[in-house]
Amino acid sequence: MNKVFVNGQIFTSHSDRPYASAMVISEGRIAWIGEEADLPECEGEKIDLHGSRVLPGLIDTHMHPLMLAHTFKQIACTPPALHSIEQLLGEIRAYRETHQDASVIQCWGYDEGKLTEGRAPSRWDLDQAASDVPVIVTRSCGHICAVNSFVLHKLGITRDTPNPQGGQIDKDENGEPTGILRENARKLVADLFPSTSIEQDAASLAELGPHLFSHGITTIAELMARSEPTDYFETYQRAKEVGFQHRTVMYYLWDDLKKDPSLVTEKTDPRAHIHIGGVKLFADGSVSGQTAWVDPPFLETEIDGIAMTSNEELLEAGAFAEKHGIQLLIHAMGEKAIQLILDTFSGKKGWIPDAPSIRIEHAALLTEEMIRQASEAGIALIPQPIFLYAEIESYLNNLGAERTKKAYPIRSFLEAGVKVSISSDAPATAWADPANPFVGLKSAVTRIAYDGTDTGQEERIDVPTAVMLYTKGAQQVTRIPDIGQLAPGYWADFIVLDRDIFAIAPEEIDQVRVTKTYRNGELVYQRG
C-alpha cells in the first residue's frame, strides 16, 4: 500500500529539486515527490508531517560500529563520565571489586588534554588500581593505549624491547617502559582481549541499531573489518538476521586481505544490503596522539609522528583493489602521509567509473598544492569535523592555534572540486556520544569548538552543504545506489527532526533531535 506524506519541509539533497512538501512511497521507494499542491491522485495511507523538517537518512561513511558497540560495555573515560586519572583509578577499582572473575579490564576514550593531570595514565598509575589482572585503557583516537605492569610483564616488554615497525613503546628518562603503546605497538595486546563469538558480536550490533537510528543514521560504513578471530562479514550477516537493519559497506584491513584474497569473492556488489566496498590501510596515526606523520613537527617538539606504510605497499594494495573493482582507503592525517599517497598515485587513472577509486580518510593537514593534487587525481577526502570540536585541547597543544585553524579545510576541498563526505569516526573521538552527527555538522558550520575556541572561520560551510555531505556526498563516495537523496526511484530512507536545522542558529545544531527515522518507507525509530 502507498504511503503519502504531506505537510512537510522536505530537503531532498537533490540538485534539481532541493525542497518539497509531499512525497508518495510505494514498495519502499519514492514514487513521487514535490509540492503538495501538485500531489497526484493516489490511494494509500496519508501521514501528516506537521510542518517538520525532513532530511534524507544520514550516511556515516567512516565509523567503527562493532567497536562502538563494544565500548558501551567498557569503562568510559570521556567527560562527563570522568575528568581525571584519579577518577579513572576509582572506576577501575570499583569494577575489579564487582568483577572478580574478569580476565581483563578494558577502558575506552581517555584524552590527556581533558584530564586534570594533563597527561596519559601510566603503568604505575594503573598498578594502583589493579596489579593482578591486565588493564588496558585505549585512547579516544584508538591509536594508543595505556597498560599496567601486569600487561608489560605478560608480553615480555622490557627496557630492551625494540619498537615494532610502525609503532612505539614509550619509555621514561631512565629507559623504562611507561605503559604507553602507540600505533602498531598497541597490537601487541590484541591477544589479551577476551574473545567474542559471532553470535555475541551480532547481538551487540543489534543492540546498537536503535541508537544509530535515533541519530538519523540509516547507512553505515565499517572501517575496521577483520577476518580474524571472527569474520566481520559473517558477523554482520548474522546481525541482520537478529535485527540489525542498517545498510552496511565494509572495508577490510589490508593485512587480512593479503592473507586471504578470497574474502572479497562474490561480496562486492554495492546493491547488496551488506557488501565489501574496499581495502583499507594506515599511512600514519592521529594528530591528537602525536602519531600523525606531519611536517613541520608537532608544536615545540621534534616529533613528526609515525610512518606506517610505504610506496610499495600502497601500490600493492591499490593493484589488489583495482583487480577486484573495489576502493582503496588510506588513513592519513599528517602532511607527510598525505603527500606520500599523492606522489604514489600521481598520474594513475582511477579504476572505478562511478565513484572515487581512492579515499584518504581524515585528511587533517593539507597544503593548497596537496588539495589541488587530490582534485586532479580524483581522490576523495573524508574529514571528521567533530575532532576539532571535541578534541580542541590536544589540537592546540600539538599544532598551535593557527595551524589548527587550517586543519580539515572542508570549504577549500569543495572549492577545489574534491569529492567529500563528513562522518564521525565513532567511537574514536573524545566525546560522550561520538556517533551523534549533529555535533559534527555544527562543527563544520560554525568552526567553533565546544569550549568556544575559533577553529578557522574561513573554512566554514553552510548548513545545506553540510547536510549534503552527510547524504548525497556520502553516497557518492560509498557507491551504494539509490540512497542519500529523496527523489523518484530512490529508497525511502528519511528522518524527521524536532526543529528546523535550516532556521535555527548554527550554534544550536547539536541540540537537534531526530523524532522519527524511516528506512524503506517503514518507521524504524520514534523518539519517546
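Predicted model: local features only at pLDDT ≥ 70, side-chain atom pairs only at ≥ 80, totals over all residues.
Residues are numbered from 1 along each chain as its sequence is written, and side-chain values use heavy atoms, with hydrogens and water left out. Local features need pLDDT of at least 70 and side-chain atom pairs count only at pLDDT 80 or more, whereas totals for chains, interfaces and linings use all residues.

Helices (H or I, at least four residues) and strands (E, at least two) are DSSP runs, numbered from the N terminus. Strand E1 comprises residues 3-6. E1 runs parallel to strand E6 (residues 45-48), to which four bridges join it; two strands pair if DSSP finds at least two bridges between them. Valine 6 has aspartate 48 as its bridge partner in E6. With strand E4 (residues 22-26), E1 pairs in the antiparallel sense over three bridges, and valine 4 is there bridged to valine 24. In a regular strand the side chains alternate between the two faces of the sheet. Lys3 and Phe5 lie on one side of E1, Val4 and Val6 on the other, and all are buried (under 20% relative accessible area, 1.4 Å probe, protein chains only).

Helices H8 (residues 311-324) and H9 (residues 335-344) pack at an angle of about 55°, with their axes 10 Å apart. Axes are lines fitted to C-alpha atoms, for helices over the stretch in contact, and angles run from 0 to 180 degrees between N-to-C directions. The contact (heavy atoms within 4.5 Å) involves Asn311, Leu314 and Leu315 of H8 and Leu340, Ile341 and Thr344 of H9.

Terms used
Buried < 20%, exposed > 50% of the residue type's maximum accessible area, 1.4 Å probe, protein only.
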